[in-house]
Amino acid sequence: TWNPVTGCSKVSAGCANCYAERMAKRLKAMGMEKYRNGFKLTLHRHLLSRPLEWANRRMIFVASMSDLFHEDVPVDFIQSAFQTMVTAQQHIFQILTKRSERLARLAEDLPWPENVWAGVTVEDKHNVHRIEDLAQVPAHLRFVSCEPLIGPLPELPLGSIGWVIVGGESGPAARPMREEWVDSIHRQC
């Protein structure tokens with residue numbers, strides 16, 4: 001993982017039991033400086049170049065403890081993160097967002113080399129529109145994360161999608177995931 005930004009705010013039902021929020025609270029309690037603000041959105045400009053220090057090829061989840069396309073992340077910060085990803089061609093970067101509208105709006109002003117993959121979270125039928133936003137992004141690989149899957153997704157527009165991730169919710173108060181929801185997504189893929 002690479003977290004040049006930490007913290008977030010809830011935008012949809014999938015955020016209700018956010019694993020990153022729980023982890024950030026724990027890391028703050030442990031005295032981790034990076035999480036001194038808990039789950040309040042925090043930019044870590046000093047970490048923007050961190051992947052350039054990693055020589056061996058890695059698959060990197062970008063902002064696993066936040067959302068790079070959060071409305072409070074400045075465009076120049078996002079552009080700096082993308083410049084690092086362009087420079088670090090030896091790595092594959094996976095960017096996942098629930099803020100698909102902002103992703104689509106900024107996509108044409110960002111570089112999209114083959115090593116930068118773009119994805120959206122679609123946890124229930126109310127968020128299928130995120131896939132349509134993602135389809136506008138010129139990423140080499142577009143992916144959908146149906147995690148936490150909290151409702152059926154019977155008609156997904158997967159024509160431009162190269163990878164689908166499905167998973168249930170974990171932790172306290174986890175909502176159940178039904179086997180038939182997973183089977184339906186599998187058939188659609």
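Trainee: Is R45 buried, exposed or partly exposed?

Mentor: This is a predicted model, in which local features need pLDDT of at least 70, side-chain atom pairs count only at pLDDT 80 or more, and totals for chains, interfaces and linings use all residues. Residues are numbered from 1 along each chain as its sequence is written, and side-chain values use heavy atoms, with hydrogens and water left out. Buried means under 20% relative accessible area, exposed over 50%, and partly exposed in between (1.4 Å probe, protein chains only). R45 has a relative accessible area of 43%, so this residue is partly exposed.

Trainee: Which residue meets R45 in a salt bridge?

Mentor: A salt bridge requires a side-chain nitrogen of Lys or Arg within 4 Å of a carboxyl oxygen of Asp or Glu. R45 lies in the loop between β2 (42-43) and β3, and its partner lies in helix α2, so the pair ties together parts that are 31 residues apart in sequence. Helices (H or I, at least four residues) and strands (E, at least two) are DSSP runs, numbered from the N terminus. At 3.7 Å, N to O, the partner of R45 is D76.

Trainee: What is the relative accessibility of R99, which forms a salt bridge with E71?

Mentor: The side chains of R99 and E71 meet at 2.8 Å, N to O. R99 is in the loop between β4 and α3, while E71 is in the loop between β3 and α2. E71 is partly exposed, with a relative accessible area of 47%. R99 counts as buried, its relative accessibility being 7%.
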